[in-house]
Amino acid sequence: MPGIPLGVLDLVPVASGSSAAEALHRSIDLARRTEAFGYVRYWFAEHHLNPGVAGTSPAVLLALTASATSTIRLGSGAVQLGHRTALSTVEEFGLIDALHPGRLDLGLGRSAGRPPRRSGEPARPVTPVVDGYAPNGLRIPAPFSFAHLLGHPRVALLQKLLTLPGAQPQDYGEQVDDILALLRGEYRSPEGEEAHAVPGEGADVQVWILGSSGGQSADTAGRSGLRFAANYHVSPATVLEAAEGYRAAFKPSAELDRPYLTVSADVVVAEDDATARELATGYAPWVRSIRTAEGAIPYPTPDEARALPWTEEDEALVADRVETRFVGSAGTVADHLERLQEATGADELMITTITHDHAARVRSYRLLAEEWARR
C-alpha cells in the first residue's frame with residue numbers, strides 16, 4: 001500500500017518443544033529476513049514470568065540484533081517504565097546508539113502499579129466504544145476488563161519481583177519528561193543540579209509512546225509532540241479512542257509538526273486462507289494463558305492446541321483478540337490491514353505474527369510484504 005510502511009513487533013515467542021535460546025536465535029534470524037523483505041522497523045516487547053515468551057529485556061535484544069542487521073530501525077515496544085528510572089533507560093539506549101547510531105526507536109510504555117495521572121489533570125474526551133464495527137468494516141469489539149486479575153497472586157508476585165522494596169514508581173508523564181530532558185542534556189533537579197547521561201545525552205533516537213487507550217499514554221505522547229503507537233493487537237476495543245485521544249492532545253514539537261501514528265495488528269499469512277487458519281490454531285489457548293495470569297504458555301502446535309481443554313468461558317475470555325486477528329492469504333490479510341489503516345489514519349502499521357513453526361512465521365512476513373508492495 002503506497003506510503004504506509006510496515007514494521008515488526010516481536011515478543012520472542014518460545015514454541016512448545018523448544019527453548020528460550022532457540023527463540024532468541026529465531027528472532028534474530030527473523031530480523032535479518034524482514035530487513036531484506038522491506039520492513040522498516042523491528043521492535044521487541046517486554047514481558048516477564050512468561051514461559052512462552054523470551055523477550056524480557058528489549059535493550060539487550062536490540063544490542064544483539066543491531067549487530068546482526070544493518071539498515072532496519074530497531075526499537076522497544078515497549079520499555080515498561082513502572083519498574084525503571086529515566087536515567088537507566090537513557091543510559092541503556094545511549095550505549096546501543098553509541099555503537100549503532102541513528103537506528104534506535106525508544107518506545108516507552110506504562111505498566112501496572114504506577115500512580116494515577118497528575119492531580120487536576122483531566123482525561124481528554126474521546127468517542128465511547130461499543131461492540132460492533134467501524135464504518136469501513138473494521139471489527140471493534142466490546143472493551144475487555146482485566147478486573148478478574150486484580151489481587152491475583154501471580155500479578156502480585158510480578159510486582160514484588162520487579163520493584164525494589166518500598167520503591168514507588170514515578171508519575172508516567174513526569175518520567176517521560178525526565179527522559180526527554182536527559183536525552184537533550186537539559187535535565188535539572190528541583191534543587192537546580194544538572195545531570196548528564198553519558199552515553200545517552202544527544203543520542204540519535206526516536207522516542208515513541210505506546211498505549212492502548214485514549215488515557216495518559218496518548219495524552220503524554222500528544223502534549224510532548226512525540227510519535228505514538230496504538231495497540232490494536234492488545235486492546236482492539238480502544239484503538240480508535242487511542243488514536244483520537246493522541247491527536248486531540250497533540251502539540252507540535254521540534255521533533256514533529258503533526259501527529260505520527262503506528263498501529264499494531266496480529267497477523268498470520270499463508271498461501272491460502274485454510275492453511276493460515278490451521279497455523280493460527282494455537283493463538284486462542286496462548287491468549288487464554290495470558291489473560292488468566294498463568295503466563296504465556298509455550299506456543300502450541302495446532303494438534304496440541306486442539307487437545308487442550310476448552311470451555312465457553314475460555315471462548316469468551318479471548319473472543320475480542322481472536323475476532324480481531326487477521327488470518328488468511330496475503331490478499332485477505334492486506335485487505336484487513338487497509339481497513340485498519342483507514343479507520344485509524346495510521347502512518348505506519350506494526351505486524352506481530354506468531355506461529356509454532358519458524359519457517360511458517362518467516363513465510364508469513366514475506367508473503368505479506370510482497371502483497372503490500374503490489375498495492
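**Close-up views of a predicted model**

**View 1. Asp 97 sits in helix α3 (residues 86-99).** Helices here are DSSP runs (H or I) of at least four residues, strands are DSSP runs (E) of at least two, and both are numbered from the N terminus. This is a predicted model: local features need pLDDT of at least 70, side-chain atom pairs count only at pLDDT 80 or more, and totals for chains, interfaces and linings use all residues. Residues are numbered from 1 along each chain as its sequence is written, and side-chain values use heavy atoms, with hydrogens and water left out. Asp 97 has a relative accessible area of 9%, so it is buried. Buried means under 20% relative accessible area, exposed means over 50%, and partly exposed lies in between (1.4 Å probe, protein chains only). Leaving aside residues up to four places away in sequence, Asp 97 touches Gly 102, Leu 104, Ala 203, Asp 204 and Val 205. Contact means heavy atoms within 4.5 Å. Asp 97 and Val 205 are 108 residues apart in sequence, yet their C-alpha atoms are 7.5 Å apart in space.

**View 2. Strand β3 (residues 73-76) has buried residues pointing both ways.** Arg 73 and Gly 75 point one way, Leu 74 and Ser 76 the other. In a regular strand, side chains alternate between the two faces of the sheet. β3 pairs with β2 in the parallel sense over four bridges. Strands pair if DSSP finds at least two bridges between them. Leu 74 in β3 is the bridge partner of Tyr 42. From β2, the chain crosses through α2 to β3, a right-handed β-α-β crossover. Right-handed means that, with the strands pointing away from the viewer, the path from the first strand over the helix to the second runs clockwise. β3 also pairs in the parallel sense with strand β5 (residues 104-109), over two bridges. There, Asp 105 is the bridge partner of Gly 75.

**View 3. Arg 374 forms a salt bridge with Glu 371.** A salt bridge is a side-chain nitrogen of Lys or Arg within 4 Å of a carboxyl oxygen of Asp or Glu. The closest N and O atoms of this pair are 2.9 Å apart. Both residues lie in helix α13 (residues 358-374), three residues apart, so about one helical turn separates them. Arg 374 is exposed, at 59%. Glu 371 is buried, at 13%. A network of salt bridges links Asp 335, Glu 338, Glu 371, Arg 374 and Arg 375.
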